[in-house]
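Work through the exercises below with the sequence and the 3D structure at hand. Try each task before reading its solution.

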Amino acid sequence: MKLELGNFYVKDIEFGAKTAFNDGILTINKEEALEVVFKDKHITEADLRIVKPGDMVRLVPVKEAIEPRFRVGGGPVFPGVTGKLEQAGDGKTRCLKDMSVLVVGKHWGGFQDGLIDMGGEGAKYTHFSSLKNVVLVADTDEEFEQREQQKKNHALRWAGMRLAEYLGEAVKDLEPEDKDTYELDPLTKRDDKESELPNVALVMQPQSQMEEKGYNDLNYGWDTNSMLPTLMHPNEILDGAMISGSFMPCSSKWSTYDFQNFPLITRLYEEHGKTINFVGVIMSNLNVALEQKERSAQFVAQMAKSLGVDAAVVTEEGYGNPDADYIGCLVALEDAGVKTVGVSNEATGRDGGSQPLVTLDPKADALVSTGNVSELIKLAPMDEVIGELEALARDGLSGGWEDDEVLGSSVKEDGSIVMENNAMFCGDQIAGWSPKTMKEF
Amino acid sequence: MKKAVVYLNQFFGQIGGEDVADHAPEIREEKVGAAMLYNQLLDAEVTHTVICGDNFMGSRTEEAVETILGFLKDVDFDIFFAGPAFQAGRYGMACGEIGKAVKEEFDVPVISSMNIENPGVEVFKKDIYIFPGGHSAAKMRDDVKKVTDFGNKILNGEKLLPAEKEGYYQRGIRHQYFLEDETPAYERAIDMLLKKINGEEFESELPIPELDLVEIAPAIEDLSETTIALVTSGGIVPVENPDKIQSASATRWGKYDISGMDKLENRDSDKFKTIHAGYDPAAADADPNVVVPVDAMRKYEEEGRIGKLHDYFYSTVGTGTTQKEAARMGKEIAQELQDANVQAVILTST
C-alpha cells in the first residue's frame, strides 16, 4: 500500500467571501461552513472562531480535534464514518497542516472533555496551542446527556468531521507544497536489506472500554469494543481509518488529529529500511474484564510471533484500569521473546506519592512516561473564554470539581482556574508529542 | 529575613557524649554548635536550636516528638534542618522522626543529611529531603553546605529540579517534568527501542518500584458464625450522595445503613445509584445489587450459610483514586469494621 499525503501549510486563517486556500492563507466563508455544521438537525446553535498560538483565549469544554483533509477522488476522509466504507491508506490525501478543527461545547462538558489555553502559562500543556485552529463552538438538543457525566458528543463530533471535510475541499484542485509518501512492501515480499533488519511493530491500544455503543474509538466505523486485535497497515491509521471516541479522562486521550498524525508511526517509517523493518501496526484494544484483557494480550503476542516481530512499541490510550491491559500486553510480548518499549502516562497523585500504574511488572523494563494525570495546575484568567468556563467545575470534567475542602471550586470568580492535568485536552500527548516525562522529586 | 530552626543530638548540641544520650528535649533561642555553621551558610537566620538525646528520642519517641512540637508551636520559622547524622543510626532515626513530625505539623520544608548506610535514610526518605552525607563529623562542613544550598533554593523560591539533579535520595515521589531539550516522547521511545534491540544500555523513565503486596489472610473455616461486611469501590450511594463522594479521584467514603433491607432498591425508586464515572452506570443504576450484592447475602443469611450481613455497607469510588488515598480510606474503613467486630469483608470493585 502506498499513501501520498500532500501538504498545504496553513500560515493564517481568516473569514472571507469564499472558502479557499491561497498562498498559505485559508479563507473561510463562515455562512457556508455553518450550513455544513447545521446539516445535522440536532445542532441547535453554532459559531466558528479562529484562534492562533499566543492568543489569550481559553477553550473549554473541548471535545475533539481533527485535521482538515481532502481524499483525492472524493471519498470520505473517514471511511465508514463520514461516508461509505472504503480502503484508507492506499492513495492520495491532501492535508491542511499546522491547523486543526477544534470542537467545543457552547455549554455542556463531561468527563471526557478538556481544556486548551492558546497563550500564557497553560499553552505548554497541549499540542493544540501550537496550531492555528478553527473552533466550532456549538450546542445540541441531545438533552438526554446534558446532565450526564459521560457524553457521546455525537452531534458535535460528527459536525467537526463534516467541517474538516468541508475545509479540506479548499485544496481539492491544488498542487501540494510537498508530499510525504508512506509505502511498505507486502511483508512476504520485502527486499533482503529490509528483511535482515530487526522486525518492529507498533501495538496500539485505543480506548474501547464502554460496553454501550457511541463512546469508543471507531475503526472504519466499527466499535473497537467489538474487536479483537488485528493487523493494520500504518497508512490506514494515518489516513482516517481510526477516529477518536468520547470516553476516558481527557489528558490520556488520542484525538482524531492524533490518529491522523501519529508521530510514533511516522518516526518508525523514518527508521524503516535503515535501522528496522517496520512490520506494521497491531491494533489491539482496552477492556474491562480480566479475561478480555488476557485474550487481547494473547492475540497480540500470537500475531507478533507469527509475524516474526523482534521488537515492539506498545502504547495505551488511557490510565487506571487499562494499565492492566498495557502491562499485560508488554509482559505477554516479552514472554514471547519480543523486546518492548511502552509509552503511557502515569497517575502518581497530586503529591506524586502513589503507584505510577495500576499494575506493574519487572518485565516492563523500558517505559516512556508522558505525564502525571493528577498533577495540579493553576492558571491565571484569560482575556476570553470560548465555550463555558463553568463547565470545568460543574460538568464533571475529569480534572475539574465543584468543591474541594482545600482548593474550593476549579473555577474562581476572577476566571482563574485550578485543575488536574487530567482535563488538559489530549494533554499527555501519548501519541508521542509529549515533551514531558516523569521525574523523582 | 526568613527564619530557620536546627535540630541536633546531645553530642552536636554540646551537652555531652553517650553518657547523656537520654537528655530530655530542650529548645534554646540561640545558635548552638553546628547551628552556627547553618547560620553562616543560610539565606535565613537560625533563631532556635532544638537539642535532644538520641536515646530519649529512640525510647520515648512519642513524648519527645510531642514536647518538641510543643516548643515549636509559638516559634515562627520557614524551614527546619535536622542533623547531619552521618552514619550514626540512632541520630539518623531521630532526625527522621522529628523531621517527619515537623513537616506534618507545620508544613515547612525539612532537610537532613545522612550517610547511605544510616537506617534513617530508608525509613524517612519519603517524608523529608535527605541528602547523602559522609561517614563522620569530618564531613560536617560539606554535608551542611549541601543541605543549606538546597534550603537556600527553597527559601529564595527558585525552581527545584528533579532529585537526580538536586542530589537528595530519591523518595518515590514522581511528578511530571518538562524536559529542557523538549525531546518528544516518540523520539525517546524509538531511541530506547533501538538501544534495547542493539543490546545497548537504556534507561527506563519508569523504573518499576518494589510492589506493596498484602498477604492473603487465612481462610475462614466456618462462615455460619461470621459477620460479613460489603465494601465497594464501585460508587454505590444513596441517590442524594449525602457524603459528596467524588465521581473520580475520590478522597471520601460513605457508610450506609442496610439493616432490614432485603436488597438495595434502585435509582428509579429513588434509593441507590452509582456515582462512579469510570464505568457505564446503566446496569448498576438499574440494580445496585450487581455491585453491592445485598440480595445474595440476605439469601445466604436466610440459608444459614453466613452468620450475619453487617448492618452497613461502605462505599467509595475507585477511578483515578490514588493508591495513597485508597490506602488511607481502606485503613479508616478497616478500623470501623474491626470496632464493629466484623470478621470478613467482601470487597467489590468495578
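This is a predicted model: local features need pLDDT of at least 70, side-chain atom pairs count only at pLDDT 80 or more; totals for chains, interfaces and linings use all residues.

**Exercise 1. Two helices in chain A**

Describe how helix H7 (residues 290-307) and helix H8 (residues 323-335) of chain A are arranged.

Solution. Step 1. Decide what to report: two packed helices are described by the angle between their axes and the distance between the axes.

Step 1. The axes of H7(A) and H8(A) come within 9 Å and cross at roughly 35 degrees.

Step 2. On the side of H7(A) they include A:Lys293, A:Ala297, A:Ala301 and A:Ala304, while on the side of H8(A) they include A:Ala324, A:Gly328, A:Ala332 and A:Leu333.

Step 3. Sort the contact by class: 8 residues are nonpolar, 3 are polar and 3 are charged.

**Exercise 2. Strand S3 of chain B**

Which strands pair with strand S3 (residues 44-52) of chain B, and how many of the 9 residues of S3(B) are buried?

Solution. Step 1. Start with strand S1 (residues 2-9) of chain B, which runs parallel to S3(B) and is joined to it by 8 bridges. In this pairing, B:Tyr7 stands opposite B:Val50.

Step 1. Turn to strand S2 (residues 26-28) of chain B. S2(B) pairs with S3(B) in the antiparallel sense over 3 bridges. Here B:Arg28 has B:Thr49 as its bridge partner.

Step 2. Apply the cut-off for burial: a residue is buried if 20 or more other C-beta atoms lie within 10 Å of its own. In S3(B), 7 of the 9 residues are buried, so this strand is largely enclosed by the rest of the structure.

Step 3. B:Thr61, with 15 other C-beta atoms within 10 Å, is partly exposed. B:Thr61 is found in helix H3 (residues 61-72) of chain B.

**Exercise 3. Where the chains meet**

How many residues does each chain bring to the contact between chain A and chain B?

Solution. Step 1. Read off the totals: 65 residues come from chain A and 46 residues from chain B.

Step 1. Look at the side of chain B that touches chain A. Helix H7 (163-166), strand S7 (174-178), helix H8 (185-197) and helix H11 (323-339) of chain B each supply at least two of its residues. H8(B) gives the most, with 11 residues.

Step 2. Classify the residues on this side of chain B: 23 nonpolar, 13 polar and 10 charged.

Step 3. Strand S25 (residues 436-440) of chain A pairs with S7(B) in the antiparallel sense over 5 bridges. A:Lys439 stands opposite B:His175 in S7(B).

**Exercise 4. Chain dimensions**

What is the radius of gyration of each chain, and what value does a globule of that length have?

Solution. Step 1. List the elements: chain A has 9 helices and 25 strands, and chain B has 11 helices and 14 strands.

Step 1. Take chain A. The radius of gyration of chain A is 21 Å, close to the 22 Å that the globule rule gives for 441 residues, so chain A is as compact as a globular protein of that length.

Step 2. Take chain B. Chain B has a radius of gyration of 27 Å, whereas a compact globule of 350 residues would have one near 20 Å.

Methods
Residues are numbered from 1 along each chain as its sequence is written. Chains are lettered from A and ligands numbered from 1 in the order in which they are written. Two residues are in contact if their C-beta atoms, placed from the backbone, lie within 7 Å. Helices (H or I, at least four residues) and strands (E, at least two) are DSSP runs, numbered from the N terminus. Ala, Val, Leu, Ile, Met, Phe, Trp, Tyr, Cys and Pro count as nonpolar, Asp, Glu, Lys and Arg as charged, and the others, Gly among them, as polar. Two strands pair if DSSP finds at least two bridges between them. A residue is buried if 20 or more other C-beta atoms lie within 10 Å of its own, exposed if 12 or fewer, and partly exposed in between; C-beta atoms are placed from the backbone. Axes are lines fitted to C-alpha atoms, for helices over the stretch in contact, and angles run from 0 to 180 degrees between N-to-C directions. The radius of gyration is taken over C-alpha atoms; the globule rule is 2.2 Å times the number of residues to the power 0.38.
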